[in-house]
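Please keep the viewer at hand as you go.

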Amino acid sequence: MTNANAAVEAQDSVIAKVRGEPLLKLPEDLYIPPDALEVFLEAFEGPLDLLLYLIRKQNFDILDIPVQKITQQYIEYIALMREMRFELAAEYLLMAAMLAEIKSRLLLPRPALEEGDEGQDPRAELVRRLQQYERFKTAAENLDALPRVGREIFIAHARPEQVPLAVALPQPTLRELIFAFRDVMLRAELFAHHHVQREPLSVRERMGRILADLAGGRQAQLLDLVEPAEGRLGVVVCFLAILELAKAELIQIQQAEPYAPVFLRLADGGADAGTLDDDAIETAYSG
C-alpha cells in the first residue's frame, strides 16, 4: 500500500515526458510568452448571439423573455469574460445595461391605460432585434450547410498525356498576299547588283585640251570650249575642268559686262600649254 502511494505521488510530480524521460522540474531558462496560454472564446459572435443562446438553452419563449433570469445569467457570463479578457466584454456591457434598463422598466409601476390600449412592452425592441438576428443566423447556417467547392466538393482534374490539338490555320486574303509580295520585292532589291563603269570623259584630259586651245595667247569663248555632242555629261566635265584650271590660277576668266560672253585665256605669267606636262596638269587637278 505504501509503495502504491509512493508510485502515485511520483506520477503526480511528473510534469511531462520528454523523449520518454519524465520531467519533474521546468528548466530555469524556459521562456513562456505571456499570451501563449490565453484562451479565446469564439463561441459567441456578439451580445445578441450570447443572449439568443441563453434563451434557447432554457427553452424560453423569445416573445416572453424572463428578463430577470436572463439578465442574471448574462451578467455572470460578462464577469467570466472580464477575468479572461476585459476588452472582449466592452460591447457586451452595453447589452447588460440594456437588459438592466428593461428590467427596471418592468418593475416600475405603469400609468393607467385607456380601455383597448395595451401599452408598449419594454422588451419589444429587444425581441425585434433577437428575431431579426435569429433569421439572419439561420440563413447563414443554411448557406454554410450547402456543399461548397473546396470543402465538400473537390473538382477532379484528369488530363491525358497528350492532347491532340487541331488548330485551323487562318486563310490568307488577297490583301495579305499583296503585302507579302511587296515585302519579297523589297527584300530582292537588297540583293541587286550594280556595275560601275569608268567614265568615258575625263576632267584631266579636258583640262589638257582647254590649255591646248588657249596656247599661244589665244582666248576662247566659253561656249566654244563645250562640245554639245557630248551631251549634258560633257558640259559638266568641261565646266569642272575650267573650275580646276581657274583654281590652279592657270587660266583667267573675263567678262566685259553683265550677261556678256565669257572668255578664257591663259593666266598672265602662267606657263604656256607647251611647257605643261602631264605631271603639272595632274598636280593642278589633284590640287
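## Basis of the model

This is a predicted model, in which local features need pLDDT of at least 70 and side-chain atom pairs count only at pLDDT 80 or more, while totals for chains, interfaces and linings use all residues. Residues are numbered from 1 along each chain as its sequence is written, and side-chain values use heavy atoms, with hydrogens and water left out.

Helices (H or I, at least four residues) and strands (E, at least two) are DSSP runs, numbered from the N terminus. Buried means under 20% relative accessible area, exposed over 50%, and partly exposed in between (1.4 Å probe, protein chains only).

## Two nonpolar cores

A nonpolar core here is a set of buried Ala, Val, Leu, Ile, Met, Phe, Trp, Tyr and Cys residues joined through side-chain atoms within 4.5 Å. The largest one has 25 residues, and Leu 51, Tyr 74, Met 95, Leu 126 and Leu 130 have the most contacts inside it. At least two residues of this core come from each of α2 (47-57), α3 (67-84), α4 (90-107) and α5 (124-145). There is also a second, separate core of 17 residues, with Met 207, Cys 238, Leu 245 and Ile 251 among them.

Take a look at Leu 126: leaving out residues up to four places away in sequence, Leu 126 touches Leu 51, Met 95, Met 98, Leu 99 and Ile 102 (contact means heavy atoms within 4.5 Å).

## Helix α7 and its buried arginine

In α7, the buried residues include Val 203, Arg 206, Met 207, Ile 210 and Leu 211. Viewed down the axis of α7, its buried residues fall within an arc of 140°, so they line one face of the helix; the arc is that of the directions from the helix axis to the C-beta atoms.

Arg 206 lies in this helix, which runs over residues 203-213, and is buried, with a relative accessible area of 2%. What does its side chain meet there? The side chain of Arg 206 makes a polar contact with that of Glu 230, at 2.5 Å. A polar contact is a pair of N or O atoms within 3.5 Å; within protein, one must be able to donate a hydrogen and the other to accept it, and residues adjacent in sequence count only if both atoms are side-chain atoms. Beyond four places in sequence, Arg 206 is in contact with residues including Leu 225, Gly 234, Val 237 and Ala 241. Met 207 is buried too, with a relative accessible area of 0%, and its C-alpha atom is separated by 7.9 Å from that of Cys 238, 31 residues apart along the chain.

## Helix α9

The buried residues of α9 are Gly 234, Val 237, Cys 238, Ala 241, Ile 242 and Leu 245. They fall within an arc of 135° seen down the axis of α9, so they line one face of the helix. These buried residues pack against α7, α8 (222-225), β4 and β5. On the other side of α9, Arg 232 and Lys 247 are exposed.

## Positive phi angles

Most residues other than glycine have a negative phi. Asn 59 has a positive phi of about 55°; Asn 59 is found in the loop between α2 and α3 and counts as exposed at 69% relative accessibility. Tyr 259 has a positive phi of about 70°, sits in the loop between β4 (251-255) and β5 (262-266), and is exposed, with a relative accessible area of 84%.
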